[in-house]
Amino acid sequence: MVINAHTSVYCILGNPVRHSLSPAMHNAAFTHTGINAVYVAFEPASIKQAFDAIKALGIKGASITIPFKVDVLPLCDSVDTLASRIGSVNTLVNADGMIQGYNTDGYGLLRSLETHSIDYHNKKVLIIGNGGSARAIAYTLARYNAHITICGRNSNNITQLANDLRKYFTNIETILIDKLTPDITAHNNIIINTTPVGMNPDISRSPIDISLLHPHNVVVDIIYSPLRTQLVQNAQEKGCTVITGDYMLLFQACMQFELWTGKTAPIDIMHQALKQALQ
């Protein structure tokens, strides 16, 4: 990679974000495709200040992660219909000074399931969490007639997300996490953790107890650091089909690359860079 006065800049905005593996994927993709660009990580204290800096500095695009996915939406000059309905933005495209907002999280989750030959149409899905990723995943799966149950510890938060989803879909339910029982989770085809529970450094925790898992459950953990979270280990022990967080990270990044460049993402190159970064 040769950086010069013509190098375009892309970035990820989050806090914390220094652990992010997105730079490894995107820089590998830029190098492979011969695009004169670099992707870096920033930890701004304010998303408003960071957003203004994107315009002022001519940064071409950005990935948005925790805790800015919801707060960045009203700052955008335009927002994709899907992202607007989700209520969360994870991708910014700077089109000649006009910032466009998109959401690729749901696409990343769908491609993760498809890669593992998991059918998500008309399935019963338990989503643990109520943040930006949960919003994107729930909305995207509901578009394919999935029956969604939002699960969390805060009744107000899960109810708010459910009510937002009910503006567009009917099969939306909620349950507090301490009300889950093995009989309840037995009815779910897919269980998805969107919370940070189990992420480094607190790797001994799982968002739900191993007793709630059944061999027929497909268990997805969107955490990728560590890759084998406690939830993943528990699910493997119970004989579940397991999808680790690197797949969603990869495929949402591929869609971001295509939004930014108009070129087909080099999936294999990006996946290899991700695997090396995870070692």
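The protein chain of this predicted model contains 10 helices and 12 strands. Helices (H or I, at least four residues) and strands (E, at least two) are DSSP runs, numbered from the N terminus. The radius of gyration is 18 Å, close to the 19 Å that the globule rule gives for 279 residues, so the chain is as compact as a globular protein of that length. The radius is taken over C-alpha atoms, and the globule rule is 2.2 Å times the number of residues to the power 0.38. Along the principal axes, the C-alpha atoms fill a box of roughly 60 × 40 × 30 Å.

Residues are numbered from 1 along each chain as its sequence is written, and side-chain values use heavy atoms, with hydrogens and water left out. Local features need pLDDT of at least 70 and side-chain atom pairs count only at pLDDT 80 or more, while totals for chains, interfaces and linings use all residues.

Of the 279 residues in the protein chain, 52% are buried. Buried means under 20% relative accessible area, exposed over 50%, and partly exposed in between (1.4 Å probe, protein chains only). The accessible surface comes to about 12400 Å². Carbon and sulfur atoms account for 49% of that surface. Areas come from the Shrake-Rupley method with a 1.4 Å probe; for residues, only the protein chains shown count as cover. Contacts (heavy atoms within 4.5 Å) were sorted by sequence separation. Among those between residues at least 6 apart in sequence, 67% join residues at least 24 apart. The charged side chains number 20 positive and 20 negative. The centres of the two sets lie 2 Å apart. Lys and Arg count as positive and Asp and Glu as negative; His and the chain ends are not counted. Each charge is placed at NZ of Lys, CZ of Arg, CG of Asp or CD of Glu.

Two strands pair if DSSP finds at least two bridges between them. A95 stands opposite M98 in strand 6. The loop between strand 5 and strand 6 holds D96. Phi of D96 is near 55°, a positive value in a residue other than glycine. D96 is exposed, with a relative accessible area of 82%.

Strand 11 (residues 218-221) has a partner in strand 10 and another in strand 12. Strand 10 (residues 190-193) pairs with strand 11 in the parallel sense over four bridges. Here I190 stands opposite V218. The pairing of strand 11 with strand 12 (residues 241-243) is also parallel, over three bridges. V242 in strand 12 is the bridge partner of V219. In a regular strand the side chains alternate between the two faces of the sheet. In strand 11, V218 and V220 point one way and V219 and D221 the other way. All four of these residues are buried.

V17 lies in the loop between strand 1 (8-13) and helix 1 (22-33). V17 is buried, with a relative accessible area of 1%. Beyond residues up to four places away in sequence, V17 touches I12, A41, F42, E43 and T65. V17 and F42 are 25 residues apart along the chain, and their C-alpha atoms are separated by 7.1 Å. N27 has its place in helix 1. N27 is also buried, at a relative accessible area of 16%. Leaving aside neighbours within four places in sequence, N27 is in contact with M1, A37, V38 and Y39.

A cis peptide bond joins I66 and P67, with omega about 5°. P67 is found in the loop between strand 3 (61-64) and strand 4. A cis peptide bond also joins S225 and P226, with omega about 10°. P226 sits in the loop between strand 11 and helix 8 (230-237). N122 has a positive phi of about 60° although it is not a glycine. N122 lies in the loop between helix 4 (105-115) and strand 7 (124-128). At 51% relative accessibility, N122 counts as exposed.
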